[in-house]
Amino acid sequence: MAEIKADTTTHHQKQLPVTVSESDISEQKPQKPKRVASLDVFRGLTVALMILVDDAGGEWPMIGHAPWNGCNLADFVMPFFLFIVGMAIALSLKRIPNRLLAIKKVLLRTLKLLFWGLLLQGGYSHAPDKLTYGVDMKKIRWCGILQRIALAYLAVALVEIFSRGAQAKDLASNWFSVFKLYFWHWLMGASVLVIYLSAIYGTYVPDWHFTVQSNNGTVQLTVACGMRGKLDPPCNAVGYVDRKVLGLNHMYPHPAWKRAKACTENSPYEGPFRNGAPSWCYAPFEPEGILSSISAILSTIIGVHFGHVLVHFKGHPARLKHWVTMGFALLISGIILHFTHAIPLNKQLYTLSYVCVTSGAAALVFSALYITVDISGLRYLFLPLEWIGMNAMFVYVMAAEGIFAGFINGWYYDDPHNTLVYWIQKHIFVKVWHSKRVGILLYVIFAEILFWGIISGILHLLGIYWKL
């Protein structure tokens, strides 16, 4: 279980929430380097983006997930998390001198992430909209955000632990030295890429069937495929593997593709399906599925590389030169792959072009924050985000997963829709601005993100952090 503890150490000694701890080391504690505040800010920014796109994406579909190919604001959240996990791995595991202790901590943290992922996204909690809880085990969702983070964290952290020989070496600040020193990470990345590309382009996808409930009872629908190498919604290998291994009942029932033009006339908004919509529009699809989670390991490998640069390169200019150059190289490579129609940007499939674009964007965003926060000293401008980043697991559970809103909604007058959350949205934000879209956006920014920034700041002053 995760635990909430009061932390009596100084600020630069406190733990990196959600994923790994910068100060989570053995009983013999060597002197620790100063905490990288920009990494906390970046983590807090990513959690804030998740809250924004989850709660305002319905009214602003351009910030929600792209229905299929393409990349909207919401599609950067997962790879940003994985990039941050990688950086944190590089900063934390190097200071655990005992290999067995490091493995134990990695395995324990992985199990905690899996537990919370199943509890929050497996179907047990129905907050905040439905005031019910519990899950039908025939329909539990096995995959999810924290489960994907757990897989990537476990794989990359174990490689980091078993390549300990590189940890004490000083490097010249040149481009290839850090790649050479950590060649095992890149060998793993190459293996992941080969496995993923072989699977999505080489797997034969047969016709498949599923049932849906209608006014006339249960109806069986058929999706015609009988092909390999397709990256479209109905016939890709990612969905096929998930259907075979997980089962249709255990996949996400509301995929983003339901907002595709082929499915609804209101695209990119949600709405009733158009007459004659393809049968696959009614099917579930797992956006955090098996093959796509294997590909997602690449985002964490790139993140751990950026952490290695931070550890081994001395001086801001050398670090920034490497980060920015690699960030632009990744970004441009992904854009070229997409617009030449070689490999489309697709979050649902976690394609190579998507890895490149989102990892490149993560590199550039982190570099900008590093310049602003750690070099220029403008840390005070980002304090709410830094506080959220230092208690990211707490904010993720309470805000992004709607547990706090579900608790508030549990107190209503006469009708379950007459809740405090609904009243605040309607009377303080929507009515004032005479616009539901603007009102919801401002509600999310001020009543959710800023609110949780302040709560996290209070917890920080009290030295209280939710540790995994």
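The side chains of E160 and H185 meet in a polar contact of 2.7 Å (an N or O pair within 3.5 Å, with one atom able to donate a hydrogen and the other to accept it; residues adjacent in sequence count only if both atoms are side-chain atoms). E160 lies in helix α4, residues 145–162 (helices are DSSP runs of H or I, at least four residues, and strands runs of E, at least two, numbered from the N terminus). With 0% relative accessibility, E160 counts as buried (under 20% relative accessible area, 1.4 Å probe, protein chains only). All this comes from a predicted model, where local features need pLDDT of at least 70, side-chain atom pairs count only at pLDDT 80 or more, and totals for chains, interfaces and linings use all residues. Residues are numbered from 1 along each chain as its sequence is written, and side-chain values use heavy atoms, leaving out hydrogens and water.

On to the rings: there are 26 aromatic pairs (Phe, Tyr or six-membered Trp rings with centres within 6.5 Å; planes under 30 degrees apart are stacked, over 60 edge-to-face, the rest tilted). W323 and Y370 have ring centres 5.0 Å apart and planes at 90°, so they pair edge-to-face. Because W323 sits in helix α9 and Y370 in helix α10, this pair ties together parts 47 residues apart in sequence. W323 is buried at 0%, and Y370 is buried at 3%. Both belong to a cluster linked by ring pairs, which also takes in F42, F76, F80, F83, F306 and F366.

Charges over rings turn up too: R243 lies over the face of W208, 3.7 Å from the ring centre (Lys NZ or Arg CZ within 6 Å of the centre and within 35 degrees of the ring normal). R437 likewise has its charged end over the ring of W60, 3.9 Å from the centre.

Key. Buried < 20%, exposed > 50% of the residue type's maximum accessible area, 1.4 Å probe, protein only.
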